[in-house]
Amino acid sequence: MSNESLLKKEFKHSDVQRVRNLVNKDFTAGTKQQTGYKKSFEYHKEGDIWEEGGKRWTIKNGIKQNITKLDKFKKEATIPLRCPKCGGPMKHHLAKKMYKIHGFCFDPCTVEMEADLRKAGLYEQYEKRMMSGNMKAFADDIEAWVTETISTSDNFVTEDGTIENWGGMSKGKMNEILKGMKEYVEYIREKA
Ligand SMILES: [Zn+2]
């Protein structure tokens, strides 16, 4: 097929998709991006839920809507009875608030994490980011810190190679903190 006829064919697909979008009263959806994907030519009617481009969509009142965010909101609004991290009860008056921010309880999970952040010298940044509600930026802070810590790890390897002191911390504790931070970053990224 020549380039020209290929182009013509794509134009045709775009047109078909545009008509479909109009049928679905989806005036905002771009048509170019969907060209060539068989899946996007499926016809969706009111109330259908489907996945497309890694997101979940539905048609509500004739309008195509991304419901991925709605799902996240629902997940957030439901506070579990037990902390998903430690399994403890979510009874502390700060537990719900902390769950919404971190995805785990206040005591011990948040308390322990904050203690780790203090040791890592990240607490001030953490407080600042939390107050401005910018936890995504904090995920970047942590990631930069982890990268830097790993790249300078020679600084705290002792001669016998067994105990590595890093601000008075053992290697085991250090690795535990790194692991916890990694999980935390993943959580913030997914949620934010
Ligand atoms: Zn917990």
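Here are some notes on this predicted model, walking from the whole chain down to a few residues worth a look.

1. Start with the overall layout. The protein chain has seven helices and three strands. Going along the sequence, they come in the order α-β-β-β-α-α-α-α-α-α. Of the 192 residues in the chain, 31% are buried. If you take the contacts between residues at least 6 apart in sequence, 35% of them join residues at least 24 apart.

2. Take a quick stop in the strand region. N61 sits in the loop between β2 (55–60) and β3 (63–66). Its phi is near 50°, which is a positive value in a residue other than glycine. Is N61 buried or exposed? It counts as exposed, because its relative accessibility is 62% and the cut-off for exposed is over 50%.

3. Next, look at helix α3 (residues 95–102). Its buried residues are A95, M98, Y99, I101 and H102. Just after α3 comes G103, with a positive phi of about 90°. Keep M98, Y99, H102 and G103 in mind, as those names come back below.

4. Now for helix α4, which covers residues 106–120. One thing to check by eye is P108, which is found in α4. The peptide bond between D107 and P108 is cis, with omega about 15°. Just past the end of α4, G121 has a positive phi of about 75°.

5. Which residues of α4 are buried? They are F106, C109, T110, M113, E114, D116, L117 and A120. Looking down the helix axis, these buried residues fall within an arc of 155°, so they line one face of α4.

6. Zoom in on T110, which belongs to α4. With a relative accessibility of 0%, T110 counts as buried, because the cut-off is under 20%. Leaving out residues up to four places away in sequence, T110 touches M98, H102, F104, C105 and Y126. M98 and H102 are among the buried residues of α3. T110 and Y99 are 11 residues apart along the chain, and their C-alpha atoms are separated by 8.9 Å.

7. How do α4 and α5 pack? Two packed helices are described by the angle between their axes and the distance between the axes. Here α4 and α5 (residues 123–131) meet at an angle of about 125°, with axes 7 Å apart. The two helices are therefore oblique to each other. On the α4 side the contact uses T110, M113, E114, L117 and R118, and on the α5 side Y123, Y126 and M130. Sorted by type, the residues of this contact are five nonpolar, one polar and two charged.

8. Finish with Y184, which lies in helix α7 (residues 171–191). Its relative accessible area is 2%, so Y184 is buried. Which residues does Y184 contact, leaving aside neighbours within four places in sequence? The list is H102, F104, M113, Y126, M135, F138 and I142. M113 and Y126 also take part in the contact of α4 with α5. Y184 and G103 are 81 residues apart in sequence, yet their C-alpha atoms are 8.7 Å apart in space.

How values were computed: Residues are numbered from 1 along each chain as its sequence is written. This is a predicted model: local features need pLDDT of at least 70, side-chain atom pairs count only at pLDDT 80 or more; totals for chains, interfaces and linings use all residues. Side-chain values use heavy atoms; hydrogens and water are left out. Helices (H or I, at least four residues) and strands (E, at least two) are DSSP runs, numbered from the N terminus. The expected span of a helix is 1.5 Å times one less than its number of residues. Buried means under 20% relative accessible area, exposed over 50%, partly exposed in between (1.4 Å probe, protein chains only). The arc is that of the directions from the helix axis to the C-beta atoms. Axes are lines fitted to C-alpha atoms, for helices over the stretch in contact, and angles run from 0 to 180 degrees between N-to-C directions. Angles under 35 degrees count as roughly parallel, over 145 as roughly antiparallel, 65 to 115 as roughly perpendicular and the rest as oblique. Contact means heavy atoms within 4.5 Å. Ala, Val, Leu, Ile, Met, Phe, Trp, Tyr, Cys and Pro count as nonpolar, Asp, Glu, Lys and Arg as charged, and the others, Gly among them, as polar.
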